[in-house]
Amino acid sequence: MPAPEFASLRSSRETARSAGGVAELLDLMWERTRHAAAAAAASPSQLRLMYLVESEEGVRMRVVCERLAATPPSVSRLCDRLQALGFLERLPCPASGREVTLRLTAAGRTHLRLIREQRETVLRQAMDAMSDAERHALAEGLAALHAQLVAADGGGGVTAA
């Protein structure tokens with residue numbers, strides 16, 4: 001894929017298309033590093049669940065289903081796999097004996113930390129080749145984009161990493 005001409009972007013549509021291309025490239029790069037470095041790698045769906053549980057310690061299974069827009073059986077299977085990897089534990093809900101809450105284990109937190117370190121390495125290598133002005137502009141743009149995404153999401157699961 002050719003490098004986009006960021007300086008010539010005029011419309012939000014072109015900018016969104018460019019950002020989408022960067023996101024897709026990062027997905028591919030992170031997936032490659034995740035598989036190369038982690039023996040017990042969690043799938044992208046499992047990672048999304050882990051991020052949600054990390055951001056809301058003790059979150060109820062029902063809430064996870066809503067936030068991920070997934071059915072209870074699908075979320076339950078994701079939890080089964082994460083529990084088998086030793087990354088997640090299910091606990092009875094203190095407020096309701098019929099509900100289950102989720103919590104990451106120490107191994108799950110370590111796994112997320114390693115994933116983030118791998119991603120940061122990929123990003124840092126790319127940004128080290130950028131000028132100070134380019135890095136500053138990127139940081140400002142990303143902060144503004146993050147704020148808009150969080151506002152648009154209404155607090156439904158988008159968090160800062």
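This section describes the fold, the strand pairing, the helix packing and the salt bridges of a predicted model.

The chain has 161 residues, of which buried residues make up 22%. Six helices and three strands are assigned, and from the N terminus on these elements follow the order α-α-β-α-α-β-β-α-α. Among contacts with a separation of 6 or more, 50% are between residues 24 or more positions apart.

The three strands form an open sheet in the order S1-S3-S2, with antiparallel pairing. S1 and S2 are the edge strands, each of them pairing on one side only. Strand S1 covers residues 59-60 and strand S3 residues 100-104, and two bridges connect them in the antiparallel sense. Within this pairing, valine 59 has leucine 102 of S3 as its bridge partner. Strand S2, residues 88-92, is joined to S3 by five bridges, and these two strands also run antiparallel. Here arginine 90 has leucine 102 of S3 as its bridge partner. Leucine 91 stands opposite threonine 101 in S3. In a regular strand, side chains alternate between the two faces of the sheet.

Helices pack on this sheet. Helix H2 touches S1, S2 and S3, and its direction makes about 95 degrees with that of S3. Helix H4 lies across S2 and S3 and runs at about 120 degrees to S2.

A contact between helices is found for H3, residues 61-68, and H4, residues 72-85, whose axes come within 9 Å and cross at roughly 110 degrees. The two helices are therefore roughly perpendicular to each other. On the H3 side the contact is made by Met61, Val64 and Cys65, and on the H4 side by Pro72, Val75, Ser76 and Cys79. By class, six of the contact residues are nonpolar, one is polar and none is charged.

Twelve salt bridges are found in a search of the whole structure. One of them pairs arginine 67 with glutamate 56, with the closest N and O atoms 2.2 Å apart. Arginine 67 belongs to helix H3 and glutamate 56 to the loop between helix H2 (44-55) and S1, and the pair, eleven residues apart, links distant parts of the chain. Arginine 67 counts as partly exposed, because its relative accessibility is 32%. Glutamate 56 is also assigned as partly exposed, at 25% relative accessibility.

A further salt bridge is formed by glutamate 57 and arginine 109, with the closest N and O atoms 2.4 Å apart. Glutamate 57 is in the loop between H2 and S1, whereas arginine 109 is in helix H5 (residues 106-128), so this pair ties together parts that are 52 residues apart in sequence. The relative accessible area of glutamate 57 is 40%, which makes this residue partly exposed. Arginine 109 is partly exposed at 34% relative accessibility.

Arginine 60 and glutamate 99 form another salt bridge, in which the closest N and O atoms are 2.6 Å apart. Arginine 60 is in strand S1 and glutamate 99 in the loop between S2 and S3, so the pair ties together parts that are 39 residues apart in sequence. The two partners fall into separate accessibility classes: arginine 60 is partly exposed at 24% relative accessibility, whereas glutamate 99 is buried, with a relative accessible area of 18%.

Conventions
Residues numbered from 1 in each chain as written. Predicted model: local features only at pLDDT ≥ 70, side-chain atom pairs only at ≥ 80, totals over all residues. Heavy atoms only, no water. Pairing = 2+ DSSP bridges. Helix = DSSP H or I, 4+ residues; strand = E, 2+ residues; numbered from the N terminus. Axes fitted to C-alpha atoms, helices over the stretch in contact; angles between N-to-C directions. Parallel < 35°, antiparallel > 145°, perpendicular 65-115°, else oblique. Contact = heavy atoms within 4.5 Å. Nonpolar A, V, L, I, M, F, W, Y, C, P; charged D, E, K, R; others polar. Salt bridge = Lys/Arg side-chain N within 4 Å of Asp/Glu carboxyl O. Buried < 20%, exposed > 50% of the residue type's maximum accessible area, 1.4 Å probe, protein only.
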